[in-house]
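Please read them beside the model.

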Amino acid sequence: MTSPTIQCSKNELTFGVELEFLFYFRAPNDGPRNLNDGRACVPVPWTIPSDLIESDPRLPPAPVLPDGILPELPIEMLDPDPEELAGTALGWAMELIRKAILTVPGARVQGHTIPWDEKYNSMYVYLDIDDGPIGWHVKSDSSVDEVELQIDGYRCVGIEVTSPPLWDTPESHRHVYQVVQTLTSKFLLRVHPRCGLHVHVGAGGIDETQPRLRRSSAEVFNNIPRPAKKHDVAVLKRAAALMWAADGVLSHAHPVERGCSRYTPSIRFASRLAHGLWAKYRKHEDAFGVERVDVMERSIPPQHDQNWLPANIRDLPLASTATTTNFPRVEPTQRFPAARTDPLPIRAHEWFQRLSIGTHGAVRPDRAKLANKTVLSGMQPIMTCTNTEQLALLLSPPSGGVRDYTHGESRLNYNLRKYLPHSRDFPVYVASGTVEFRESTGSLSADWIATWSNVCLGIFRFARDASDAQFWTVIRKLAEAEEAEDAGASEHDYDIVSLLHDLGLFSEALYVETKLRDKTKSLWYPNLLVFGEKIQDVDDDKRREMLYNNMLKWQRNLAERLIAQEKAKQAQSTQQCGTQ
């Protein structure tokens, strides 16, 4: 076993999370909801009786909208500035959330200058507002809205809560856990299929070697006035190789329909690498002195073996797939799929499209159109990149996007967009050095948020610290398991639990295996159309079952039954009119 080949001056990682959810409030004497908000197609919402919510003592009560506060934004304020939100339900809800977060020990919130307890400084990456974001950020999210379901007497607004950059320490993870628990215990919240849980993994704090940004740039891009450190190219290549190789096994930690979203397409389906394209770029300045990048693409032949590897790597004594860590599994003989579900079930595609009105519908990946379909075919292009910009271009969509898939959207499920060269085609904020993990569905489960955050960080820890033999053994195991499944083998020896064991994520492996084995939907949908974290289980009593079935639109038979009832009412109404 060789020693680690990657050395870091400071083995520190940073992370941050983005939470998207609906905030519910009571609106006494509320009139009919204004659904004419510019969307091309908005169905009549299904109405849930309020007593189903209010009679359950396990649910926190929803706050009551004060008099004089507008329950919804006027049409002309669909994309409001923060100062325009005063006097609206959205602005009121955002302030309630900010105040709730401030009750968590050590919490800081952007826009609230209260005295901070310095004993919590060790978990924050930035301590000075002139260096970067130093607190939780609460903002509106117009993409998170409910247009199909409403609760009688209630309204909701879409909210996004973003953590500040935090060091990868137990203290930081506990802090995020406490903030999520505080929000779900104080407010009536839920998520739906358009919501996402995004985790950002960074390489440290301020990059002292880079000049301070111009003030105008800082104002445009998240008010981060100084560039952050970026991942070393060797670490980023290893992490990217793991993301490519493990895309199939990790996809089963998420609902299958997440692969239908235009905003989380897989790097195995929608990247240049997947389509056999190599990108070269040339930096130059335009007439205004702005740095631009010309990107040129060419085809690259697939390479399915490891003959391109240096001899010292090819000759390593790699472990076979028959042996992995001896850490016990809950069920030693059970294995989960090693490849992404292909093709996606018709039901998943149809229902993501139905539940995502206002987000440009659903997409359906076509594996037959791909040039690089295997784990090994992606390894050579990734590992031969000479810099992070080249790697980011390789794992981004082709110029113009992928027809019927990305349509110019450059954020894939593993998003390296912040490493792209700055250009008119990719106007990203080059000061931030994070990689974004976007595939997880929206969640308000503190357990799942902690688990998935550690999985994302664990990929980078392993990429940074593993020896060559350890790293290539995992890649080979992933490749062989996927090949066995593609060949129609009934069994294989490597899956998501095996991978998490090899990454050293033992508690995360136990959590994922237990959920996937016994309660898959409670892993995939811990809060999907379910309020808070206190009603994740659905089999306690008849009332909870009724609540869950009325709100879990994933169950197709419920919607079909409701549609049938609606048609029966319309037919009855027509018949009554005919007899009068």
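1. Helix H5 (residues 233-251) packs against helix H11 (residues 446-465) at an angle of about 130°, and their axes are 9 Å apart. This is a predicted model: local features need pLDDT of at least 70, side-chain atom pairs count only at pLDDT 80 or more, and totals for chains, interfaces and linings use all residues. Residues are numbered from 1 along each chain as its sequence is written, and side-chain values use heavy atoms, with hydrogens and water left out. Helices (H or I, at least four residues) are DSSP runs, numbered from the N terminus. Axes are lines fitted to C-alpha atoms over the stretch in contact, and angles run from 0 to 180 degrees between N-to-C directions.

2. H5 and H11 are therefore oblique to each other. Angles under 35 degrees count as roughly parallel, over 145 as roughly antiparallel, 65 to 115 as roughly perpendicular and the rest as oblique. The H5 and H11 crossing is right-handed (the near helix is turned clockwise from the far one by less than a right angle).

3. Which residues make this contact? H5 gives Val235, Leu236, Arg238, Ala239, Leu242, Met243 and Leu250, while H11 gives Val455, Ile459, Phe460, Phe462, Ala463 and Arg464. Contact means heavy atoms within 4.5 Å. The contact residues of H5 with H11 are 11 nonpolar, no polar and two charged. Here Ala, Val, Leu, Ile, Met, Phe, Trp, Tyr, Cys and Pro count as nonpolar, Asp, Glu, Lys and Arg as charged, and the others, Gly among them, as polar.

4. H11 also meets helix H3 (residues 170-186): the axes come within 9 Å and cross at roughly 150°. H3 and H11 are therefore roughly antiparallel. Their crossing is right-handed. From H3 come His173, Val176, Tyr177, Val180 and Gln181; the H11 residues include Ala446, Ile449, Leu457 and Arg461. The residues of this H3 and H11 contact are seven nonpolar, four polar and two charged.

5. H3 has a contact with helix H2 (residues 89-101) too, with axes within 9 Å and a crossing of roughly 130°. H2 and H3 are therefore oblique. H2 passes H3 in a right-handed crossing. Ile97, Ala100 and Ile101 of H2 meet Val179, Thr182, Leu183 and Lys186 of H3. That contact of H2 with H3 holds five nonpolar residues, one polar and one charged.

6. The largest cavity holds about 130 Å³ of space. A cavity is a set of points on a 1 Å grid over the protein atoms alone where a 1.4 Å probe fits but cannot get out; lining residues have an atom within 4 Å of a point. The largest cavity has 12 lining residues, with Arg268, Phe269, Arg340, Arg367 and Lys373 nearest its centre. The lining of the largest cavity divides into three nonpolar, two polar and seven charged residues.

Technical notes. Helix = DSSP H or I, 4+ residues; strand = E, 2+ residues; numbered from the N terminus. 1 Å grid on protein atoms, 1.4 Å probe; cavity = no way out; pocket = protein on both sides within 12 Å on 5 of 7 lines; lining within 4 Å. Points joined across faces, edges and corners; volume = space filled by probe spheres on them.
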